There are 4 protein chains.
Amino acid sequence: MRLFSEAGFHATPTSRIAKLSGVATGTLFHHFASKEALINELYIYVKRRLREVLRHELDAALDFCTQLLRLWCVDVRWFLGHYDEFIFMRQYCDSHLIDARTKELLYQDFEPFIELFRAAIISGLLKNDHLEFVLSHYVANVQHCTFYMYQFPDALSDARLLHFFEIYYGGIAIQPTKENDQ
Amino acid sequence: MRLFSEAGFHATPTSRIAKLSGVATGTLFHHFASKEALINELYIYVKRRLREVLRHELDAALDFCTQLLRLWCVDVRWFLGHYDEFIFMRQYCDSHLIDARTKELLYQDFEPFIELFRAAIISGLLKNDHLEFVLSHYVANVQHCTFYMYQFPDALSDARLLHFFEIYYGGIAIQPTKENDQ
Amino acid sequence: MRLFSEAGFHATPTSRIAKLSGVATGTLFHHFASKEALINELYIYVKRRLREVLRHELDAALDFCTQLLRLWCVDVRWFLGHYDEFIFMRQYCDSHLIDARTKELLYQDFEPFIELFRAAIISGLLKNDHLEFVLSHYVANVQHCTFYMYQFPDALSDARLLHFFEIYYGGIAIQPTKENDQ
Amino acid sequence: MRLFSEAGFHATPTSRIAKLSGVATGTLFHHFASKEALINELYIYVKRRLREVLRHELDAALDFCTQLLRLWCVDVRWFLGHYDEFIFMRQYCDSHLIDARTKELLYQDFEPFIELFRAAIISGLLKNDHLEFVLSHYVANVQHCTFYMYQFPDALSDARLLHFFEIYYGGIAIQPTKENDQ
DNA sequence: CATGAATGAGGATTCATTCAT
DNA sequence: TATGAATGAATCCTCATTCAT
């Protein structure tokens, strides 16, 4: 994880992965068919850890905006606390190294979150009603927020996260957040 | 350009660059000190071409929102018409491969555009008053817009570009665009 | 060894070293960090083999002249029997390719022999009393003797070796060899 | 000259030779058929310059020992004043890079000096009567003397040169120098 | 005659992967 | 199952030499 995010896939020899992991090079290839297989499994592993963290924020009893704000906060916080993972995902989410099967697998894993956005579109809460746009727009802005907060670290207050969320949400929502009662 | 954006820096042998360029391998190294030097000069070249295109949109006679909209449209349109360049810049703008000297050089080149945002902050037009945030937020959203429009190509109408701009600008501006008469 | 002495360091591709050694190119670099490291280790290896051969000739019970004659004979004979090693050492003993650490290491290894000369100087046996001169003068004349005897091979008789030793020793010693009863 | 002696033939690119010479790479190949041809001509050039310097020391009116001492002094002094040339010659005199034709040519050039030694042998002045031995023995000791004096520079007095000559000559001559009246 | 860009074969080194132990 | 030495194809880069200007 650390090596791939710091140096990149091709600049990271399997020998260094093995050394850092405290195993022999050969051992790596007992557990993973190839370097490509390794990065794919790693990618799946990271996204699933993230999903576990986010899962608890979904609460059908709450309205869309509140749930989304909670997701946003947990998302950004987790990435800030796992910056290697952040760089890693940012780097490989569109890469050819992650194969179609892996992407498909993960798309299904995140179905509950996708469903949240789908419902919001149906309820007419958003300016744009194309699911793909809304999803990628959310991801892009979470990534930007994380990147910025990492570059310019400050008190990691709820207030700052809320401020960035408002900028994001104020753009996409028809009715901006009126009551910031979190 | 095409090779780096498609396969990445490390997965692109200099021999393939040479062959595609119709020159010998040695010729490459006659013009560029190393593969790293090549990608740096390429990066500078692309950003400068983009700057030339954007430069004409700056017009001190117009208000901030109008100028920004014009930049947004030209930016996205140019990237859609030069998608290899888009992928390339997206991939390397934060990479270690682009060295500090190159980044510094380009930061200076884009000073006029940075100035535009600086003035807007001073005029109190934006919700966030940190220049670095505002700049990277613009870039992130232009990139997302481009990426999305490329994935889901449609009529490249002014209306769509304006719609995405409103989502972006509606988030960051205190006073959303009132009159969209462009 | 053979390749370096015949063609020289730069004119010997690692691929040829590997082929002649019956291993793959990669294997070479598994055992030696670089071509430079290889030649350094080779140099150390050769000098240590020579030292092992010479070591048995030191005998504190004998006088300086006798010990030196024995060293001279074994030295020249070993070089004549290992002419690749001779050419190799002659070529690289002053080369930049052999790094300072290697030279320092070997200087220590040959301390017993150096001690022999040091004692002779203290005993006032030699015309010149600078250790560095005496050592390098011995080496230069052993090398010349070897080189000449290789160029003009003849019966490798003790008599010839003794004759050349007398020419060498007659120059440096205050009291030339009186009794050549070895 | 400087480049070949400092870095060696293979480690000296023709481009660097050209740059240091203040000409273009192509120009080099107008004057010399190849890099090998260049080093051969350079070798000839150096040896001929040395010969010119030594020539004046030959004086048939003087006895062998005196002439040889004069040659020795001028030889060592010239090399100390032209150390690049010294390293160069030392490095390439036995190299495959200097072809047989060049060596033959120079052997003829040095005929007058060879003649000096030939006469001394016939006159029975030397312990060894093989011309090749006597010549190479002289060269080896001049080289050693030069090398040592360069390593341990001191006042370049006539006395020191004479001291080293006596060590050399005391070995090879049947009748050592009796009167050091130079 | 001088130039220096272009050439492409050649060389040192790396690294994913294999396999005998 | 774990190991790590061995492999050799692949890669970046160098450099002697050519040749059009």
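Modeller: A polar contact is a pair of N or O atoms within 3.5 Å, where, within protein, one must be able to donate a hydrogen and the other to accept it, and residues adjacent in sequence count only if both atoms are side-chain atoms. In this predicted model, a polar side-chain atom of C:His30 lies 3.0 Å from a phosphate oxygen of DNA strand F. Phosphate oxygens of DNA strand F are also approached by a polar side-chain atom of D:Lys35, at 2.7 Å, and by an N or O atom in the side chain of A:His31, at 3.1 Å.

Biologist: Which elements give two or more residues to the surface near DNA strand F?

Modeller: Helices (H or I, at least four residues) and strands (E, at least two) are DSSP runs, numbered from the N terminus, and here the elements are α3 (25–31) of chain A, α3 of chain B and α3 of chain C. The largest share, 5 residues, comes from α3(A).

Biologist: How many residues lie around DNA strand F, and which come nearest?

Modeller: A residue is near a strand if one of its heavy atoms lies within 4 Å of it. There are 26 such residues around DNA strand F, with A:Thr27, B:Lys35, C:Thr27, C:His31 and D:Thr14 coming nearest. Sugar and phosphate account for 65% of the atoms of DNA strand F that come within 4 Å of the protein.

Biologist: What surrounds DNA strand E?

Modeller: DNA strand E is surrounded by 27 residues, of which the closest are A:Thr14, B:Thr27, B:His31, C:Lys35 and D:Thr27. By class, where Ala, Val, Leu, Ile, Met, Phe, Trp, Tyr, Cys and Pro count as nonpolar, Asp, Glu, Lys and Arg as charged, and the others, Gly among them, as polar, the surface near DNA strand E has 8 nonpolar, 17 polar and 2 charged residues.

Biologist: How should I read the interface of chain B and chain A, and how many residues are in contact there?

Modeller: With contact meaning heavy atoms within 4.5 Å, 26 residues of chain B are in contact with 26 residues of chain A. Buried area is the accessible area (1.4 Å probe) that two parts lose on being put together, summed over both; between these chains it is about 2,200 Å², of which carbon and sulfur atoms give 64%. In chain B, B:Phe133, B:His144 and B:Ile167 lose the most area to chain A, together 25% of what that side buries.

Biologist: How many salt bridges are counted between chain B and chain A?

Modeller: A salt bridge is a side-chain nitrogen of Lys or Arg within 4 Å of a carboxyl oxygen of Asp or Glu, and the count here is 2. The side chains of A:Arg90 and B:Asp94 meet in a salt bridge, at 2.6 Å from N to O.

Biologist: Which conventions should I keep in mind?

Modeller: Residues are numbered from 1 along each chain as its sequence is written, and chains are lettered from A and ligands numbered from 1 in the order in which they are written. Local features need pLDDT of at least 70 and side-chain atom pairs count only at pLDDT 80 or more, while totals for chains, interfaces and linings use all residues, and side-chain values use heavy atoms, with hydrogens and water left out.
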